[in-house]
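Take a look at the chain below.

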Amino acid sequence: MKTTETSDLWWKNAVVYCLDVETFYDSNGDGIGDFAGLAERVPYLADLGVTCIWLMPFYPTPDRDDGYDITDFFGVDSRLGTHGDLVEFLRTSKDQGIRVIADLVVNHTSDQHPWFRSAVESKDSPFRDFYVWRSDAPPDTSAEVTFPDQEDSIWTRSEPTGDWYQHRFYRHQPDLNIANPRVRDEIAKAAGFWLQLGMDGFRVDAVPFFLELTGAQTDELPEPHEFLKDLRRFLGRRSPGAILLGEVNLPYEAQLRFLGGEAADELTMLFDFIGMQNLYLALARQEAAPLAAALEGRPKTNPDSQWATFVRNHDELTLDKLTESQRQEVFAAFGPEENMQVYGRGLKRRLPPMLGGDPSRLRMVYSLLFSLPGTPVLFYGEEIGMGEDLAADGRLAVRTPMQWTDGKNGGFSSAEEDDLVARPVQGEFGPDAVNAARARQDPESLLHFLAGLIRRYRQCPELGWGSFEVLPQASPSILAHRCTWEASSMVLVHNLAPSPAPVTLDVTSPRHSAADLDGKTLLDLLGGTDPRISRKGAVNFDIEPYGYRWLRIPDPNDHRLP
């Protein structure tokens, strides 16, 4: 595949940055971030190297689930601004070469949505079948709830009809009936609306939930995956470069179906939850094996699909795909206190506090993130090393105001603290010590390191486009892998332990024979020493504690600048 053939697949080597408008920057002093403030901060994101902004929900909402309870799929919450403010932000982002995707939350609505307010009143409501109902008492579904500390069933009885409505999340978020063609039409209409305004696609929330049919629904829509295919085709007609980035936390083989298999005609990208969870197990053990096994277990995908990699996102750090004993290992290493854990399955922490603020270990983890095959996704504040607010409930612990300065409210807002949408982080990871202004002035900061890492990542098509293989190592703390794209090949080496370790690499391949490589050196793309290749095509060196190397294998036909 030639580079000229891939220009429309911009997401293959994108850098995605997730943020919540209401906690990013407040331009008018009311304590709530807004689109006008976000537009002011777009140059900061461009300087970092971000190429795609992912917006968490900005739609009208009663805000009982941080915006994921929506009352209008076509609106902008008035606290955040207007459609005009959103369009100005989109224009500013495009001017800086940054695409924008939005959360598409179509598993459910708020119980205050006009559809549900009508549906709940009468079985004759024209919106009754927009939701999922049952007339008989439901069985025990406590094992199926998403938030076991808040709900004990996925069904709630409502008056005046006396029927039960389904909600896989909170009871104030009734599930939409995807089997209803009118619902599917409304979802497509909303997607088309935002594409018309300038969005470049969507992060699709809770995909397996809204495709899972119950009861009579199964007769109405026997193949729910056809809806994803229809949605993908719709996006292709309206905006050919638009993407669907899906939240599908399932085993790998089950995930593959949501990409559309060999046809690649459903979701464009999937988050690699299994790789992320095994990364934390590997970090806890200081051994590469769990992550290596997860990566080797990834099924191969069509080149028109992609995995999205991350070390943190906007939810709890779920560990649900680990065994109970493995989960306890991660808890012991990174969240030993009860207030650091959530729902018995995950952590409500950010990475810097989990690693004790160790700059060497932090840099190693982010080097690993950007070197893994796939598209890296950052959560706002990661680039400066923000911490969490353990006093906040559940997932809100990591959804704290962005820390811009060491001034009032971390420079997020001029409002009084009681008026803020969320309390700033306190303590050693709060804005007094961790903020963007200080990081920009310090050439040794995590911010500068990540900006440099992103520049290198963008110069390495092997990482976004290439094939992948794990290279065996004698030292258990070393993860070495190779990414190859056309004639270009790289070896990435990471030491997960706090002690040095020997590394031995065989860099030969069908395109790189030992004779061709004899006496040449590997180019260290991160500025370290260039290791020399032996006559047998081997490379030997010692790597420092929490060390990392990005090594390009020389090729006589590779004329790119180093």
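Domain bounds here come from an automatic or database domain assignment. The model itself is predicted.

**Domains**

The protein chain is divided into domain 1 (10-105 + 350-459), domain 2 (114-166), domain 3 (183-300), domain 4 (317-345) and domain 5 (465-553). Domain 1 is written as two stretches, 10-105 and 350-459.

**Where domain 3 meets domain 4**

Start with the centres. Taken over C-alpha atoms, those of domain 3 and domain 4 lie 25 Å apart. Domain 3 brings 13 residues to the contact, and domain 4 brings 11 residues.

How much area do domain 3 and domain 4 bury between them? The figure is about 990 Å², with 68% of it on carbon and sulfur atoms. On the side of domain 3, Gln 277, Tyr 280 and Leu 281 stand out: they supply 49% of the area that this domain buries against domain 4, more than any other three residues.

Now look for charges. The rule finds 1 salt bridge across the interface of domain 3 and domain 4. Arg 285 forms a salt bridge with Glu 329. Their closest N and O atoms are 2.8 Å apart. Polar contacts between domain 3 and domain 4 come to 5 residue pairs, both residues being at pLDDT 80 or more. The side of domain 3 that touches domain 4 holds 9 nonpolar residues, 3 polar and 1 charged.

**Cysteines**

How many disulfides does the rule count? The count is 0. A disulfide needs two cysteine sulfur atoms within 2.5 Å.

| Cysteine | Nearest cysteine sulfur | Distance |
|---|---|---|
| Cys 18 | Cys 52 | 10 Å |
| Cys 52 | Cys 18 | 10 Å |

Are they buried or exposed? Cys 18 counts as buried because its relative accessibility is 1%, under the 20% limit. Cys 52 is also buried, at 0% relative accessible area.

How values were computed. Residues are numbered from 1 along each chain as its sequence is written. This is a predicted model: local features need pLDDT of at least 70, side-chain atom pairs count only at pLDDT 80 or more; totals for chains, interfaces and linings use all residues. Side-chain values use heavy atoms; hydrogens and water are left out. Contact means heavy atoms within 4.5 Å. Buried area is the accessible area (1.4 Å probe) that two parts lose on being put together, summed over both. A salt bridge is a side-chain nitrogen of Lys or Arg within 4 Å of a carboxyl oxygen of Asp or Glu. A polar contact is a pair of N or O atoms within 3.5 Å; within protein, one must be able to donate a hydrogen and the other to accept it, and residues adjacent in sequence count only if both atoms are side-chain atoms. Ala, Val, Leu, Ile, Met, Phe, Trp, Tyr, Cys and Pro count as nonpolar, Asp, Glu, Lys and Arg as charged, and the others, Gly among them, as polar. Buried means under 20% relative accessible area, exposed over 50%, partly exposed in between (1.4 Å probe, protein chains only).
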